[in-house]
Amino acid sequence: QVQLVESGGGLVQPGGSLRLSCAASGRIFSINGMGWYRQVPGKERELVATITRGGITTLADSVKGRFIISRDNEKNMVYLQMNSLKPEDTAVYYCNAMISRYYGELSPYWGKGTLVTVSS
């Protein structure tokens, strides 16, 4: 069994910062790409940021210059540092990871999400 658990969400004022964390646990052979997505009720889930095992990152245009994604391969964790937050960043943020439970197998896993609310 593999689990992804997000933490760090909450209420923050516009212009503020939050740091999201996601921990992967369970039967893990290796973790390839990891990422963060977000979803607002009534809208499709959208990509926020991804990071390869080697540290290559991609960011959605809407968060470039404000968000930073990073990971700790030793701890099986991925982080999202969110700065200069805007009300339109309000969403449930989901962690995603491509995980191998054993050699030759690879499957996507999702966390249950953490709510980020940006409001004054």
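1. With which residue does glutamate 46 form a salt bridge? The partner is arginine 38, and the closest N and O atoms of the pair are 2.6 Å apart. A salt bridge here is a side-chain nitrogen of Lys or Arg within 4 Å of a carboxyl oxygen of Asp or Glu. Glutamate 46 is partly exposed at 37% relative accessibility, whereas arginine 38 is buried at 6%. Buried stands for under 20% relative accessible area, exposed for over 50%, and partly exposed for what lies in between (1.4 Å probe, protein chains only).

2. The model is predicted, so local features need pLDDT of at least 70 and side-chain atom pairs count only at pLDDT 80 or more, while totals for chains, interfaces and linings use all residues. Residues are numbered from 1 along each chain as its sequence is written, and side-chain values use heavy atoms, with hydrogens and water left out.

3. The chain has 11 strands and 0 helices. Of the 120 residues, 38% count as buried.

4. The largest nonpolar core holds 29 residues, of which Trp36, Leu80, Met82 and Tyr93 touch the most other members. The largest share of this core, 5 residues, comes from strand 9. Such a core is a set of buried Ala, Val, Leu, Ile, Met, Phe, Trp, Tyr and Cys residues joined through side-chain atoms within 4.5 Å. In soluble globular proteins, nonpolar side chains tend to be buried together.

5. Polar atoms of the arginine 71 side chain lie 2.7 Å from the backbone oxygen of asparagine 32 and 3.2 Å from that of threonine 52. Beyond its neighbours within four places in sequence, arginine 71 is in contact (heavy atoms within 4.5 Å) with residues including Met34, Ile51 and Tyr79.

6. The count comes to 5 salt bridges. Lysine 64 and aspartate 61 form one of them, at 3.1 Å from N to O; lysine 64 is partly exposed at 49%, and aspartate 61 is exposed at 64%. Glutamate 105 and arginine 101 also meet in a salt bridge, at 3.6 Å. Glutamate 105 is buried at 11%, while arginine 101 is partly exposed at 31%. Shared partners join Arg38, Glu46, Arg66 and Asp89 into one network of salt bridges.

7. Glutamate 105 also makes a polar contact, side chain to side chain, with serine 107 at 2.7 Å. A polar contact is a pair of N or O atoms within 3.5 Å; within protein, one must be able to donate a hydrogen and the other to accept it, and residues adjacent in sequence count only if both atoms are side-chain atoms. Serine 107 is placed in strand 10 (residues 107-110).

Note on methods. Helices (H or I, at least four residues) and strands (E, at least two) are DSSP runs, numbered from the N terminus.
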